[in-house]
Each structure stands twice: as structure tokens, then as C-alpha cells.
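Dear colleague,

Please find below the structure that I am handing over to you.

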Amino acid sequence: MSPKPLELHPDRLFPADPAVRKIARELYEEEQKHPIISPHGHVPPQWLADNEPFTDPTTMLLTPDHYTNRILHSVAGVELKDLGVPVGSPMTPEKSREAWRLFCKNWWVFRGTAVQFWFESEFYDVFGIRVRPSEETADEIYDQINEALTTEEFLPRSLYHRFNLAVLATTDDPCDDLKYHKQLADDPSWDGRVIPTFRPDAYLEPARATFKELTEKLGETADQDVSTYAGHVEAMRKRRLYFKEHGAVSSDHSHRDPGTARLSDSEAENLYSQALAGKISPEDGDRLRRHMINDQARLATEDGLVMTMHPAVYRNHDEQAFADYGADVGGDIPIKVEYTRNLQPMLTEYGNHPNFQLVAFTMDQDVFQRELAALAGYYRSVYVGAPWWFIDDADAITRYREQVTPYGTFYKTSGMIDDTRAFASIPARHDVARRVDAGYLARLVAEHRLDMDVALEIAADLVSTIPSRAFKVNG
Amino acid sequence: MSPKPLELHPDRLFPADPAVRKIARELYEEEQKHPIISPHGHVPPQWLADNEPFTDPTTMLLTPDHYTNRILHSVAGVELKDLGVPVGSPMTPEKSREAWRLFCKNWWVFRGTAVQFWFESEFYDVFGIRVRPSEETADEIYDQINEALTTEEFLPRSLYHRFNLAVLATTDDPCDDLKYHKQLADDPSWDGRVIPTFRPDAYLEPARATFKELTEKLGETADQDVSTYAGHVEAMRKRRLYFKEHGAVSSDHSHRDPGTARLSDSEAENLYSQALAGKISPEDGDRLRRHMINDQARLATEDGLVMTMHPAVYRNHDEQAFADYGADVGGDIPIKVEYTRNLQPMLTEYGNHPNFQLVAFTMDQDVFQRELAALAGYYRSVYVGAPWWFIDDADAITRYREQVTPYGTFYKTSGMIDDTRAFASIPARHDVARRVDAGYLARLVAEHRLDMDVALEIAADLVSTIPSRAFKVNG
Amino acid sequence: MSPKPLELHPDRLFPADPAVRKIARELYEEEQKHPIISPHGHVPPQWLADNEPFTDPTTMLLTPDHYTNRILHSVAGVELKDLGVPVGSPMTPEKSREAWRLFCKNWWVFRGTAVQFWFESEFYDVFGIRVRPSEETADEIYDQINEALTTEEFLPRSLYHRFNLAVLATTDDPCDDLKYHKQLADDPSWDGRVIPTFRPDAYLEPARATFKELTEKLGETADQDVSTYAGHVEAMRKRRLYFKEHGAVSSDHSHRDPGTARLSDSEAENLYSQALAGKISPEDGDRLRRHMINDQARLATEDGLVMTMHPAVYRNHDEQAFADYGADVGGDIPIKVEYTRNLQPMLTEYGNHPNFQLVAFTMDQDVFQRELAALAGYYRSVYVGAPWWFIDDADAITRYREQVTPYGTFYKTSGMIDDTRAFASIPARHDVARRVDAGYLARLVAEHRLDMDVALEIAADLVSTIPSRAFKVNG
């Protein structure tokens with residue numbers, strides 16, 4: 001039996017109703033006139049700076065993609081190590097090919113998932129694959145991709161241009177010297193835009209065992225005495241400015257809750273001393289961390305970096321996998337989030353400040369309408385982050401629009417965020433959002449809730465002015 | 001370029017599928033045979049009693065509408081004071097026109113929102129506007145409305161009749177003498193029905209600074225010694241009866257949680273004394289308040305007033321706006337609600353009492369199926385309130401039906417509640433509910449889940465017997 | 001006027017769009033090639049063992065069905081006792097007929113509910129009824145069913161075969177001797193499969209007044225000293241094995257929360273002593289119960305029984321009805337559930353154990369995507385239970401698929417669970433799930449998210465390999 005063909009229908013993800021689909025198609029064409037803005041993600045800047053070829057299909061497409069790994073692990077019983085996890089493990093051509101075979105053989109586990117859609121798009125559009133993955137086609141697909149990766153056309157910078165990226169943000173440690181960003185900036189042959197993002201999470205968890213060490217590193221990097229909390233804030237201010245000078249437009253914050261309650265200055269100093277002495281309780285560590293986040297907002301009113309938040313994940317839920325492989329291998333599970341009360345101390349102070357912007361993400365869809373749309377529809381600073389991580393599939397994006405638009409409006413949403421380490425999946429991920437948004441708008445037009453000329457303007461805005469405004473990417 | 005026309009499609013909000021739409025249209029026509037029942041809202045009774053002309057478009061349509069204000073404030077950066085906020089601020093023709101221009105110029109911010117739909121309906125149907133709002137058309141629209149307001153046809157009572165209202169409920173302080181309601185009752189030329197609603201919230205918050213003063217006012221108004229908690233209950237009983245004698249059919253209750261747990265009599269008296277002395281803790285204030293709510297239910301079993309609840313709002317989230325403008329300017333944000341445990345003490349006692357009815361509202365959609373449909377499908381007294389405030393847009397109404405119907409049934413829902421201060425938006429708001437309900441029913445018919453003759457009966461019931469029964473508006 | 005006909009459209013529950021409906025029909029036909037697997041329910045095994053005729057329509061169809069009772073009670077004001085509640089109350093032909101008349105007269109209360117759909121299917125398909133229930137047709141329908149029940153064709157075993165059941169699980173007390181299951185096993189004329197389920201809830205609530213008595217009963221039945229907690233676990237191990245030897249494939253657990261946190265051995269023994277002495281606090285009772293659940297998981301790694309959980313119900317919310325009628329009469333109301341934190345202690349230990357499987361049910365839809373899909377998409381042991389009880393209507397099943405598929409996949413769901421005492425409704429309940437799943441898959445095909453050949457495979461899997469794997473029904 002000859003293998004099943006891999007096909008991509010031009011109308012995929014559009015509503016089935018012929019009249020609505022026709023409208024969706026037209027709106028999608030309008031979106032497609034605009035390049036991709038990717039203001040939050042995890043692609044290593046070194047890839048674009050060094051522009052070395054990707055080594056092999058598994059290292060490029062499977063190992064770093066915890067979306068894929070976790071489903072193979074759960075449904076097909078594949079061991080994570082057999083997929084090359086953790087990132088950076090030694091890889092051989094044989095091991096790479098074996099991992100790829102495991103992936104193709106178990107392709108059925110992805111049926112109906114977001115992962116299936118992304119891979120089909122990548123395979124078809126980026127690599128020109130025309131057969132469906134299966135045990136029989138594994139080697140053929142592997143060889144085709146492997147060969148492609150040796151060509152000029154598949155170097156990171158070539159892909160950046162081919163993907164029609166206008167800007168690509170990375171995520172970086174506050175003490176990073178941003179050398180790859182500088183290397184790109186200093187390279188006259190490079191005309192793309194890769195910008196860093198200030199991510200100080202680890203430095204804002206006073207009850208963790210690493211707090212003292214990280215604080216000292218921060219102090220050294222910033223050339224700042226950090227023996228007091230005031231000094232810690234000052235060091236943060238300096239590093240934020242350093243990032244801003246190197247192109248950053250936002251800072252990124254992920255803690256277990258989005259609390260922002262302030263302490264008195266003296267209590268903050270007192271708890272900070274305890275933290276440096278390794279004697280702070282977990283509860284007080286949380287309280288000091290919330291105060292620190294509030295101070296990050298204050299710093300943002302000065303330097304203008306957009307603050308993004310994505311709280312409420314139980315990290316490393318599987319302690320055994322964490323012991324074996326470390327963080328970010330799929331053992332993170334969402335928990336409930338509460339935004340209304342948690343953000344109140346920060347928003348009542350900075351919520352309408354002309355220089356402050358907050359993009360609030362969630363994996364708890366429950367808060368889109370009840371909390372985030374209401375906050376975004378009142379506070380000038382608040383933008384509702386696109387559905388993210390476990391809720392970035394097509395139907396979830398539709399629900400997001402249905403929940404946020406009525407009181408949060410299109411114009412207080414963040415634009416699509418791909419949030420990915422999987423570089424080759426960026427166009428596919430944005431394509432899903434564009435198609436789904438086109439379908440949502442098409443329904444509003446078909447139900448006579450929007451005029452077509454207005455819908456066309458919104459379609460263009462959703463991929464241009466809206467993300468640009470939310471992330472200040474035009475400065 | 002000539003301005004874009006404003007058009008209202010006769011099939012707006014109906015499902016796009018042609019066969020389903022045809023069914024929806026027929027069901028909608030059935031609904032339209034019935035007048036509007038508006039059993040909960042915020043229109044001042046004085047408007048209908050005095051029947052004075054509205055002064056200007058901004059005062060009538062923008063200033064009192066916090067839905068509109070908050071989006072203009074958030075998305076377009078308009079200052080609330082430039083829209084005449086707070087209600088009652090001095091207004092001049094120039095200021096009114098300027099506010100109107102701000103509104104029209106920023107019309108784009110409402111794209112896809114519920115506010116857009118309401119205004120388009122009001123403009124087209126009530127005022128005969130035929131151009132889309134924009135910077136260019138602002139003055140033309142302003143002048144057309146302003147001129148209309150000087151005519152007999154746009155007096156409050158004329159609009160009441162033109163809107164085909166069968167009954168309009170207002171919301172009133174327990175100590176209000178209801179003089180405007182009496183004025184209407186005594187006016188032989190008035191054949192409408194405007195009824196008061198007993199809203200004692202402020203009097204049931206023992207930990208607030210105003211509690212003693214309000215209690216004294218209540219005692220005086222009711223001519224009742226309120227030095228004991230028993231006396232407080234007796235004063236409430238008298239005022240409820242006073243309202244009932246003046247046409248009230250319901251009492252309305254909005255606190256941060258829907259708790260109804262009882263205290264012992266002695267503890268209630270003890271906490272009440274502390275409250276009058278200004279010495280009660282916030283926690284004990286909440287406990288006494290929950291006991292008071294339980295007693296309101298007991299009073300309701302005697303006087304038969306329907307109890308409505310709409311808890312779980314963080315009032316005045318933006319402290320600065322509250323300081324500048326006072327309450328109700330848009331700074332209220334929903335929070336989670338819990339009904340199953342909170343209502344248990346009250347429902348286990350009165351939940352099947354023949355004289356008791358509870359309409360439970362929420363802005364937390366999460367409880368529609370999990371808690372409210374289950375409660376309404378078991379307890380005779382419980383009705384599920386229509387989606388309200390931040391969840392009154394078209395798609396939210398569909399979700400409400402999908403969540404509540406399977407175990408709560410159509411017949412334990414409240415009927416549409418407009419809950420509005422914006423008098424001219426009442427027909428549009430009910431029209432949205434009617435169209436969406438018609439679309440939902442049409443889908444059930446198209447999927448062969450309801451026969452068409454039954455769906456037609458339900459459509460009529462939804463706008464007649466169902467709200468009449470839930471709110472006892474026929475006595 | 002002649003009575004309205006009762007009709008069942010062959011396309012009921014399929015999407016209205018003609019193209020999508022056509023696909024759904026084809027997928028449904030694929031599903032229909034497979035018998036019904038019913039791995040969790042409440043049909044008494046005695047019915048099939050003794051194979052006695054059902055006595056009358058009310059006893060068979062109304063009295064044991066709390067779904068129906070609660071709506072008649074709530075919306076139509078019917079008294080539960082007039083429907084024969086509680087199960088086992090004395091019944092006469094007159095009382096049975098009167099109850100039936102109440103039901104038919106108030107048929108309107110079920111409009112649009114899941115209950116309506118099931119009854120229409122049962123009436124039409126099982127009993128050949130061709131008139132719609134109403135006051136006028138009550139006696140005619142009663143007589144027709146009553147007469148049918150006297151025939152061979154309507155004996156329990158005949159219905160089992162006619163319903164095309166491959167396996168039917170009952171729910172049984174740990175101390176049950178399973179005599180009816182043995183009777184069936186020993187009957188050479190019986191070729192069906194009725195298997196017990198181990199349900200130890202009552203024995204795992206150390207703070208209940210009945211704990212000591214039940215523990216002693218457990219000890220006697222297992223012939224095991226239960227004076228220590230270790231002995232209690234050993235007794236459980238023995239009874240689980242007894243059930244397994246008699247065909248059980250799963251144990252079933254319903255407590256107020258799904259907590260699984262372990263205690264130290266010494267604390268467990270200490271709390272166990274307090275519990276036996278009747279001196280344990282409710283809080284400590286909960287802590288010991290969570291430890292016991294964790295131990296049930298450990299036992300499951302040994303004996304391989306699948307663990308099912310359905311927590312988060314407020315049992316007997318209406319204390320008066322509980323006093324009058326006992327449990328299970330409709331006074332249970334869902335509450336919120338939290339799975340991510342609660343399951344962590346158990347899953348980090350056994351979550352990827354090759355012998356352990358957990359099917360997690362919920363009536364809190366909120367957790368399908370946020371928690372359960374994420375857990376099932378990572379841990380090998382976790383399966384997402386089908387929507388259940390208050391969320392088993394058609395639209396809820398669609399939402400379940402939309403929420404779970406993207407990251408939990410089709411292959412980590414449980415398959416349909418009817419969970420019912422209403423034997424005659426089993427085919428109708430499974431038919432709803434099959435039709436809705438076909439409609440969901442059809443949409444994915446129409447939107448070019450799945451190829452048709454793959455969708456056909458999934459459709460078959462959903463009713464065969466998927467429930468078989470989740471419940472290990474093939475051993």
C-alpha cells in the first residue's frame with residue numbers, strides 16, 4: 001500500500017458554513033498582507049547570531065518541544081530520554097533517527113491536537129513533505145528534512161526571512177550580557193530584528209535556596225551594592241535599562257500567583273535581610289516577592305518596559321521526571337488563578353499611568369471574561385494576553401475572542417504570542433491564530449454584528465497595530 | 001467621501017446557517033407578540049413621574065452609562081469628567097457637544113462589543129439615525145437627537161409606551177418614601193406600571209462606618225425601636241411591607257459573597273450591639289450580614305417579595321477614580337462566586353417554601369451549570385438569573401442557555417433583566433436576548449431536539465410567563 | 001384533537017449544516033458497528049441474575065431516576081413521595097398509574113433537557129411508543145409499557161442483549177459477597193458479562209459515626225484483624241482481590257475532595273486509633289481519608305484495578321428531604337474541584353506506574369482543560385472521565401471534547417459512562433454520546449483538521465479500544 005499523502009487544505013480551520021467561510025477567506029487574505037510580530041518566545045538568540053545549520057531533525061524539531069514530548073510520553077509510553085531530553089544531551093545520528101521513528105510510528109497520538117496541526121504545516125510548508133508520518137514513512141521524512149538542513153535555505157537567518165518575521169523577541173536572564181543580541185546589532189549583513197526580554201523570575205523568589213547567590217550575581221553584574229532591598233531595586237533598575245538599551249520592550253514574570261501587595265519599606269528591608277540570611281519563611285518569601293513585583297511595575301513606569309505576567313503553573317509536578325531531566329520537560333500543570341484581588345494594589349496605583357502596560361496571560365480560561373476583560377475594559381494599562389501554552393489550540397482561541405471581545409474589546413488584547421522554542425513552528429502557530437481570528441470575525445459579519453469594511457480593518461489591526469501597541473514594538 | 005450609512009439587518013444576531021436562521025426568524029416573531037417585562041433596573045422613577053424632556057444627548061445617553069464610559073476611558077484614553085461623570089455634574093450645551101464628539105470620534109473602540117450593538121439599535125430605531133458615528137458625523141447625530149428630545153414623542157412616558165413596556169421596576173432605598181411611584185399611581189392620565197424594588201444593601205453591612213447612621217434612619221422611617229437586632233428585623237419587615245403596598249415585587253441584594261449562615265439569636269444580638277457601637281470586626285460584620293440575609297429570606301416567606309442576589313463584585317477597584325468620581329463609574333470588577341455552600345443554610349430552610357423565591361445572578365459564568373442549574377433543578381424557590389452586567393452580550397446569553405437548560409430547564413430561569421440606567425437602551429437590550437434565545441431554540445429545532453410547535457411555545461413563554469412567574473409580576 | 005405524534009429524527013443531535021451532518025452520519029454508522037461498553041453504572045445485579053419481569057412502569061422508569069424526580073419536584077412542584085421515592089417504598093397499581101400521570105401531565109418541564117431526549121429514545125425505541133407524553137396520553141402510554149413488561153422480550157436479560165451490551169459494570173459494597181455475580185457466572189444459559197465494581201467510600205471516612213461499625217464488618221468479611229491501620233489496608237487488599245476474582249476491573253471513589261496526601265505511618269496509625277475510638281476531628285478524618293486513598297492507589301499498582309474518582313459533590317444539600325427520603329433523591333449539588341494540587345502526592349509516586357490507571361471524573365467543567373487534560377497529557381496513568389451526572393447532556397459532551405482533545409487527546413479519555421440506575425436508558429445515553437462525538441469529529445473533518453479516514457478510525461476507537469483500554473475491560 002502506498003503511504004497516505006499529506007495535504008493542507010487552503011480553507012483549514014475556517015468555519016464549515018460556505019457563506020461564513022467565504023468571508024473568513026477574505027479576512028485572512030487581509031491579515032496575510034502583514035509580517036509576523038513575535039514579541040514573546042524562547043528561540044535562543046545564538047541561533048540567529050551564529051547562523052549555524054541545524055544539526056538534525058530530532059534536535060531541531062522534537063527534543064526542545066515539550067508539547068510533543070509530553071503526549072508521546074503519556075499516550076504512547078515513550079521514554080523522554082529516547083527523544084533526546086533534556087536539551088543538550090549527547091545526540092548521534094542513530095539516536096536522532098531512532099527518536100524520529102518513535103515519533104512517526106506514534107503519529108496517531110496527536111490526532112485532533114494542536115501539535116498535529118503545527119507539524120503538518122511545518123512539514124508541508126517549510127520542508128515540502130508530502131507523505132503522512134507513519135512507521136513506514138519515518139525514514140523518508142527524516143532524510144528529506146535532514147538533507148534540507150544542510151542547505152543555505154534552511155539556515156536560521158534564511159528561515160527568519162522566509163517566515164516573514166518583523167520582530168522576534170527572546171527571553172533572557174537579567175545578568176545576561178546579551179552578547180548575541182549585540183553580535184546581531186553589529187552585523188551589517190543582518191537586517192532582521194531580534195530583541196531580548198528581561199526575565200527576572202528566579203531573582204524575585206526570596207525563599208528559594210538560590211536567592212543569595214543570584215542576588216550577589218545581580219549586584220556584581222549591575223555594579224551595585226545589594227545588601228539592602230533598596231539596593232536590590234536599584235540593581236534591577238540598572239539591568240532593566242541595560243536590556244532596554246539593547247532593544248528590549250518588555251519584562252516577563254511567572255510566579256505561582258499574580259499578587260502585587262506592597263509591604264512597608266521597613267518590612268520589606270527586614271524580610272530582605274532574612275532572605276539573604278536564608279531564614280525567610282515560604283509565606284514571607286511570597287509576600288516579599290509580591291512587593292518586588294509591585295516595584296517592577298514602578299520601575300516600568302520609569303523605563304516603559306511592558307510587563308507581562310503568566311502565573312499559576314504548578315512547576316515540575318512529577319518529582320521523578322524533574323530529578324531525571326530537570327525543568328521544562330512537560331511536568332508543569334496549570335492551576336486556578338485569581339487576578340481581580342491580586343492585581344488591585346498594583347493597578348490602583350499604576351493602572352492608568354501613561355507609561356505603564358501590563359499584558360496578563362493565563363492558562364485558566366475561567367478568568368478571561370470574569371476578570372481580565374473587565375480589567376482591560378477599565379484600566380488603560382491592562383491588555384489581555386492571547387491564549388497560551390495549554391490553551392493555544394484553535395477552539396481555545398475562538399473561546400478567547402468570544403469571552404474577551406464584548407467588554408475587553410479587540411483593542412485591549414495582546415496579539416498572537418507563540419511562546420515557543422520550536423523555531424520552525426512559528427509560522428504555523430501564527431497561522432492558526434490568523435485563521436481562527438478570521439473565522440471569528442467572519443461569524444460576526446455573517447450575523448450582521450460587524451460591517452465587512454470594519455471587519456477588514458480589525459483583521460489588519462489584529463496582526464499589526466494591536467500587537468505593536470500592546471508590546472510597544474514600534475518604540 | 002460621504003459618511004458610511006448605519007444599517008440594521010433584520011436577521012442580525014441570528015445564526016448564519018440559512019435553515020437555522022429561517023427557524024430563528026419565526027421564533028423571534030412569536031416573541032415579538034409580547035410586550036417587554038423589565039423587572040429589575042435603575043431608571044429613576046422621577047423621569048416618568050415628572051415626564052420632563054431629556055436635556056441633551058450626553059446627559060441622556062452617555063453620562064449615566066458606565067458600560068460606555070469605561071471602554072472610552074480604557075481604550076481611547078478619554079477622561080471620565082469629559083463625559084460628564086459623575087452623574088449630576090454641571091453640564092453645558094458646549095460640554096455636552098464636546099463629550100458627544102469624543103464618543104463619536106472614538107466609535108471604533110466599541111467594535112464587536114455589546115455596547116456597539118445597543119447604540120446602533122437605539123440610534124436607528126429610537127432616533128432614526130442613518131449614518132455611522134464618526135468624527136465627521138458627530139455633530140449631525142448630536143443635532144438630530146437633540147432636536148428629537150424637544151418633541152412630545154421623546155418624553156419619558158412617550159418612550160415608555162413606544163418601547164412597549166408592560167412593567168418597569170426601579171431600585172430604591174428602604175427609607176425612600178416612594179413619592180414618585182405614588183405620584184404615578186395617583187395620576188389618572190398614566191396607564192403604565194412603574195414599581196419600586198426594595199434594596200437594603202447598605203443597611204445590611206454592619207462593619208461599615210455608616211451602619212449606625214443608616215440604622216437610625218431606618219428606625220425613624222419605620223417608627224421602630226432599633227436598639228436590638230430583633231428591632232432591626234422588625235423595621236425591615238415594616239419597610240418591606242411599605243414597598244409591597246406600593247407595588248414592589250422583589251428585594252435586591254448585592255454583597256461580596258452570597259453567604260446565608262445563621263448565628264444563634266444571642267450572638268446576633270451581641271454582634272449587632274458591637275456594630276452599633278462601631279466596634280465590630282470586618283469578619284464579624286460579614287457573619288452578621290449573612291445572618292441578616294437569612295432573615296430577609298424569612299421575611300420573604302411572609303411578605304412574598306422575590307429575593308434577588310447578585311454578589312461577587314470588587315467595588316471601586318480603582319481607588320483614585322472612586323476618590324475623584326464616587327461609586328458606579330466603571331471601577332467595579334467581578335470576582336469568583338460560590339453558591340452551593342453559601343446558600344445551603346437558607347435553602348435547606350426555605351428552599352421549597354411555597355412563598356419564597358430566589359433569583360440568583362452571577363457574573364461568574366462558571367457557576368451557571370455547576371451550581372445554579374443544579375440548585376434551580378432541585379429547589380422550587382431557585383431561579384437562575386439571566387446573564388448580567390459583564391456577561392450580557394449575545395454570545396454570553398447563548399452560553400447561559402447551553403449551560404442552564406439541560407438541568408435547570410427554561411422554566412427556572414429569570415427572563416431577561418436589563419439592569420440599566422440607560423432608559424433608551426432598554427428595547428435594544430431585550431432585543432438582543434430575544435434574538436439570541438430565538439437562535440438557540442432554532443438550533444435545538446434544527447438538531448431535532450425540540451419540535452417546532454414546542455419551540456414556539458417556549459419562545460412565547462420566555463418573554464411572558466417565565467419572567468412573570470420568576471418575579472411574580474402578575475401578583 | 002388527536003395527540004401529537006412522538007417522532008425520532010434519524011439525524012437528531014447532528015450539526016445542522018448539511019455538509020457537516022453528512023459526515024457525522026457516516027461516522028455514527030461506524031460507531032454503531034460496535035456494542036456498548038458500560039464500565040460504570042448502578043443497575044442492581046439481581047435484576048440480571050434473577051431475570052424477573054419489571055413490575056410496572058413507575059417502578060422501572062421513574063422512581064429510581066433522580067434526574068427525573070428532581071426536575072418534577074422543582075419545576076412542577078410534584079412531591080417526591082408521589083413518584084414512589086424512596087426506592088423500595090410500597091407500590092400499588094393505582095399509585096404507579098397516578099405517578100405516571102403526574103409525569104406525563106408535566107412533560108413540558110423537560111423541554112430541552114437531557115431527560116427529555118433519553119425518555120423519547122426509550123419510549124420510541126424500547127417500548128414502541130408513538131405519541132408524545134401528555135395528560136391525555138398518560139394512560140395509553142402506561143398501558144402499553146405495562147403490557148410490554150409482562151413479555152419475555154422485556155425481561156432484564158432480553159433487554160441486555162437487545163441493548164447490545166458487551167459488558168455492564170455494577171457498583172458494590174466491599175463487603176458484598178457478590179452472590180448475584182456468582183449466580184450469573186455459574187449460569188450456563190447466561191452469555192452476557194456483568195462485573196462488580198469495588199466501592200469502598202463509606203469505609204474510608206474515618207470521621208463518620210459509622211466508621212467503627214463498618215471497619216469491624218470489613219475485618220470480619222476479610223477475616224483480618226483491623227485493630228491497626230496496617231490491618232485495615234490488608235483487609236482492603238483482600239477484598240479488592242475478592243472483587244477482582246469475581247470480574248471487577250475498577251474501584252470507585254467519591255469523596256468531597258480528591259486529596260491524596262500521605263501521612264507518616266505513625267501518624268496514620270495514631271489517627272486510625274482515634275477514629276476507631278470515635279474521637280477523630282473532621283479535619284483529621286479528612287487527612288486520614290486522603291492517606292487511605294493514596295494507599296488505594298498503591299494497592300491498585302499491585303492488583304491492577306483501575307481507580308475512578310468523582311469528587312466534589314455536596315451530598316444531601318436539602319436536609320429536610322434527606323430526613324424524609326434518605327440519600328440519592330436529588331439533593332446533591334456540585335461544588336468546585338481542584339485536581340492539580342490534590343493529585344500531586346499520588347501521581348508523583350504512581351502516575352507513570354505501568355499497573356496503575358486513574359479515571360478522573362468531574363462535574364466541574366472548569367477543570368477539563370486547565371487540569372485534567374494537562375494531567376492526562378503528561379501522566380501515563382491518567383484518563384479524563386466522560387462528562388458525568390449534571391454535565392452529561394449533548395452540549396456538555398461537545399464542550400468536553402473541545403476542552404480535552406487538544407492536549408489530553410482522544411486516547412486519554414474514558415469512553416462513555418452512563419452511571420445510571422435507569423436500565424432502560426442505557427442505550428439512549430450511549431446514543432447521545434455517539435451522536436455528539438460523531439458531530440464533533442465531523443466538524444474537525446469539515447474544517448480540514450482531520451482526514452476522513454482518520455476520523456473513521458477515531459470514531460471506532462471511541463466506542464471500542466478507548467473504553468477498553470481506560471477500564472482494562474479486556475483484562
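This is a predicted model: local features need pLDDT of at least 70, side-chain atom pairs count only at pLDDT 80 or more; totals for chains, interfaces and linings use all residues.

**Chain B with chain A**

The contact between these chains draws 56 residues from chain B and 46 residues from chain A. Together they bury about 4,300 Å², and carbon and sulfur atoms account for 48% of that area. On the chain B side, the residues that lose the most area to chain A are B:Arg111, B:His317 and B:Lys336, which together make up 17% of what that side buries.

Nine salt bridges are counted between chain B and chain A. One of them pairs the side chains of B:Arg132 and A:Asp451, at 3.2 Å from N to O. The count of residue pairs in polar contact between chain B and chain A, both residues being at pLDDT 80 or more, is 39. As to which elements of chain B are involved, helix H1 (18–31), helix H4 (66–75), helix H6 (114–126), helix H14 (319–325), strand S7 (333–334) and H17 each supply at least two residues of the side that touches chain A. H4(B) provides the largest share of that side, with six residues. Sorted by class, the side of chain B that touches chain A has 25 nonpolar, twelve polar and 19 charged residues.

A further salt bridge joins the side chains of B:Asp395 and A:Arg449, at 3.1 Å from N to O. B:Asp395 lies in helix H17 of chain B, while A:Arg449 sits in the loop between helix H18 (426–446) and helix H19 (452–462) of chain A, so the pair joins two chains. Both B:Asp395 and A:Arg449 are buried.

**Chain B with chain C**

Here 46 residues of chain B are in contact with 56 residues of chain C. The area buried between chain B and chain C is about 4,300 Å², with 48% of it on carbon and sulfur atoms. Nine salt bridges are counted between chain B and chain C. Among them is the one in which the side chains of C:Asp395 and B:Arg449 meet, at 3.1 Å from N to O. Polar contacts between chain B and chain C number 38 residue pairs, with both residues at pLDDT 80 or more.

On chain B, helix H15 (340–350), helix H16 (366–376), helix H17 (394–408), helix H18 (426–446) and helix H19 (452–462) each supply at least two residues of the side that touches chain C. H16(B) gives the most, with seven residues. The residues of this side divide into 18 nonpolar, ten polar and 18 charged.

**Salt bridges within chains**

Over all chains, the count comes to 129 salt bridges. In chain A, the side chains of A:Glu302 and A:Arg237 meet in a salt bridge, at 2.3 Å from N to O. This pair links distant parts of the chain, since A:Glu302 is in helix H13 (residues 282–303) and A:Arg237 is in helix H11 (residues 229–245), 65 residues apart. A:Glu302 is partly exposed, at 43% relative accessible area, and A:Arg237 is also partly exposed, at 24%. Elsewhere in chain A, a network of salt bridges links A:Glu205, A:Arg208, A:Asp257, A:Asp286, A:Arg289 and A:Arg290.

In chain C, a salt bridge forms between the side chains of C:Arg443 and C:Glu402, at 3.4 Å from N to O. The two residues, C:Arg443 in helix H18 (residues 426–446) and C:Glu402 in helix H17 (residues 394–408), are 41 residues apart and link distant parts of the chain. C:Glu402 has a relative accessibility of 18% and therefore counts as buried.

**B:Thr413**

B:Thr413 is placed in the loop between H17 and H18 of chain B. Its relative accessibility is 1%, so B:Thr413 counts as buried. The side chain of B:Thr413 makes a polar contact with the side chain of B:Arg401 at 3.3 Å, and a polar atom of the B:Thr413 side chain lies 2.6 Å from the backbone oxygen of B:Phe410. Leaving aside neighbours within four places in sequence, the residues in contact with B:Thr413 include B:Tyr383, B:Val384, B:Ile466 and B:Ala470.

**Cysteines**

The structure holds zero disulfides over all chains. A:Cys175 is buried, at 13% relative accessible area, and C:Cys175 is buried at 12%.

With kind regards

Definitions and conventions:
Residues are numbered from 1 along each chain as its sequence is written. Chains are lettered from A and ligands numbered from 1 in the order in which they are written. Side-chain values use heavy atoms; hydrogens and water are left out. Contact means heavy atoms within 4.5 Å. Buried area is the accessible area (1.4 Å probe) that two parts lose on being put together, summed over both. A salt bridge is a side-chain nitrogen of Lys or Arg within 4 Å of a carboxyl oxygen of Asp or Glu. A polar contact is a pair of N or O atoms within 3.5 Å; within protein, one must be able to donate a hydrogen and the other to accept it, and residues adjacent in sequence count only if both atoms are side-chain atoms. Helices (H or I, at least four residues) and strands (E, at least two) are DSSP runs, numbered from the N terminus. Ala, Val, Leu, Ile, Met, Phe, Trp, Tyr, Cys and Pro count as nonpolar, Asp, Glu, Lys and Arg as charged, and the others, Gly among them, as polar. A disulfide is a pair of cysteine sulfur atoms within 2.5 Å. Buried means under 20% relative accessible area, exposed over 50%, partly exposed in between (1.4 Å probe, protein chains only).
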